[in-house]
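Me: I'd like to learn how to read a protein model feature by feature. Could you walk me through one?

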Amino acid sequence: MVSEKSYTSKQYLLNCYRKKPREMSFAADNEIIYNIWKSILINKLKQITGISNMRPCDLTPQLLEEEKFETYTRQKFIIQTELDVYMPFYILIPNHKTGKLKTVIAPHGHASYGKAGVAGDCNIPEVQEKIDFYHYDYGRKLVEQGYVVFCPDARGAGERMEEITVKSNKENYFASSCNALNFAAMSLGKTLLGMQVWDLMRLVDFIFTLDFCNTDYLSCVGFSGGGLQSLWLSIFDERVRKCASSGYFYSFESAILNTHQCGCNFVPGLWNLVDMGDLATLIAPRKLYIEVGNSDSQIGELGMESVKGQVDITKSAYRLFNKEENFIFHTFDGGHVAKFELLADFLKN
């Protein structure tokens, strides 16, 4: 006999979250205290994400293909990010541009078809429909504005899906191996998030070898899961000077326990340490642009109230540096889509 009552653990987990204050929440009142707190927290985050036990290796970059379009050229490269771990990515280079170009890394999120969606490279109608709906082709739009743009495949997505995922999802263009990878990674003292961010840090290493990239203005722009990667890359790698994250900013209490069930969101012990706003303070005083739709279902059941609470935490760090103008929080009428309505000015200035 099936019971009509559901005996879930959700309330128990919420109670656990609410009873224990965040151990490393932002509370600095001067730059010296901030820098000490930041150093301690960054080290803890590297440990729990597994980044502290990852090691660089030769990048061994290879140019695999090149295709010229009307306004830009698309190159496909592959680099080695860890020993025997390879990341394919597109470089979108504006035609008729000379000298060093302002450079943007544009990581993808879910249901984007990996790097191809962000680069606007798709001839599959159902995928193109998703790209158009979410405005996922921000990489292509940025190269048409004159930026050189790097569009990588994250571990578990695009050409980096695991074989078992590919075999069981032959007709599912939006599948990923996120959960399978994170379960295995956590059992080895690593995380999917840590591996994804590590790969982006190695991509930054590669970018710094290219004479046509102006690394003084290196930016990272991402939506949804790409916003997650943009935020975390900017936390760990201060070579990123500007971070733009759309569709990924909320309180963990509001969203993670209710909506974000992909493995890339989960890091052992993270919720005991900080909340989202605390994480974003680690980017201060560098430039940070956060964008959220006011009806985005991904921000969770507490809605914009939870978002604004996290924004206030982040603002306090920029206020500490007297750099409030470097933090832009923008909302728009709409749901979980990438608007980037203020992005052009943010990257230009």
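This is a predicted model: local features need pLDDT of at least 70, side-chain atom pairs count only at pLDDT 80 or more; totals for chains, interfaces and linings use all residues.

Me: Let's start with cysteines. How many disulfides does the structure hold?

Reply: The general idea first: a disulfide is a covalent bond between the sulfur atoms of two cysteines. The count here is 0. Take cysteine 243: its closest cysteine sulfur belongs to cysteine 220 and sits 6.3 Å away, so the two are too far apart for a bond. The cut-off is 2.5 Å.

Me: Is cysteine 243 buried or exposed?

Reply: Cysteine 243 is buried, because its relative accessible area is 1% and buried means under 20%. Cysteine 262, at 16%, is buried too.

Me: On to the cores. Which residues of the largest nonpolar core touch the most other members?

Reply: In soluble globular proteins, nonpolar side chains tend to be buried together. In this model the largest nonpolar core has 77 residues, and the ones touching the most other members are Phe150, Leu203, Phe206, Leu231, Trp232 and Ile235. Helix 8, residues 192-207, gives the most to this core, with 11 residues. There's also a second, separate core of 31 residues, with Ala106, Ala119, Ile131 and Tyr136 among them.

Me: What does phenylalanine 150 touch?

Reply: Setting aside residues up to four places away in sequence, the contacts of phenylalanine 150 include Phe89, Tyr90, Ile91, Leu203, Phe206 and Cys213.

Me: And what lines the largest cavity?

Reply: There is 1 cavity of 30 Å³ or more, and the largest has a volume of about 40 Å³. Its lining is made up of Leu193, Trp232, Tyr248, Phe252, Asn265, Val267, Leu270 and Leu279. That splits into 7 nonpolar, 1 polar and no charged residues.

Me: Now the loops. Where is histidine 108?

Reply: Histidine 108 lies in the loop between strand 4 (101-105) and helix 3 (115-118). Beyond its neighbours within four places in sequence, histidine 108 is in contact with residues including Tyr138, Asp153, Gly225 and Gln229.

Me: What about leucine 302, and which residues does leucine 302 touch?

Reply: Leucine 302 is in the loop between strand 8 (287-293) and helix 13 (303-320). Leucine 302 is partly exposed, with a relative accessible area of 38%. Not counting residues up to four places away in sequence, leucine 302 touches Ser251, Glu253 and Ser254. From C-alpha to C-alpha, leucine 302 and lysine 38 are 28 Å apart in space, and 264 residues apart in sequence.

Conventions:
Residues are numbered from 1 along each chain as its sequence is written. Side-chain values use heavy atoms; hydrogens and water are left out. Buried means under 20% relative accessible area, exposed over 50%, partly exposed in between (1.4 Å probe, protein chains only). On a 1 Å grid over the protein atoms alone, a cavity is a set of points where a 1.4 Å probe fits but cannot get out, and a pocket is an open set with protein on both sides within 12 Å along at least five of seven lines; lining residues have an atom within 4 Å of a point. Grid points are joined across faces, edges and corners, and a volume is the space filled by probe spheres set on the points. Ala, Val, Leu, Ile, Met, Phe, Trp, Tyr, Cys and Pro count as nonpolar, Asp, Glu, Lys and Arg as charged, and the others, Gly among them, as polar. A nonpolar core is a set of buried Ala, Val, Leu, Ile, Met, Phe, Trp, Tyr and Cys residues joined through side-chain atoms within 4.5 Å. Helices (H or I, at least four residues) and strands (E, at least two) are DSSP runs, numbered from the N terminus. Contact means heavy atoms within 4.5 Å.
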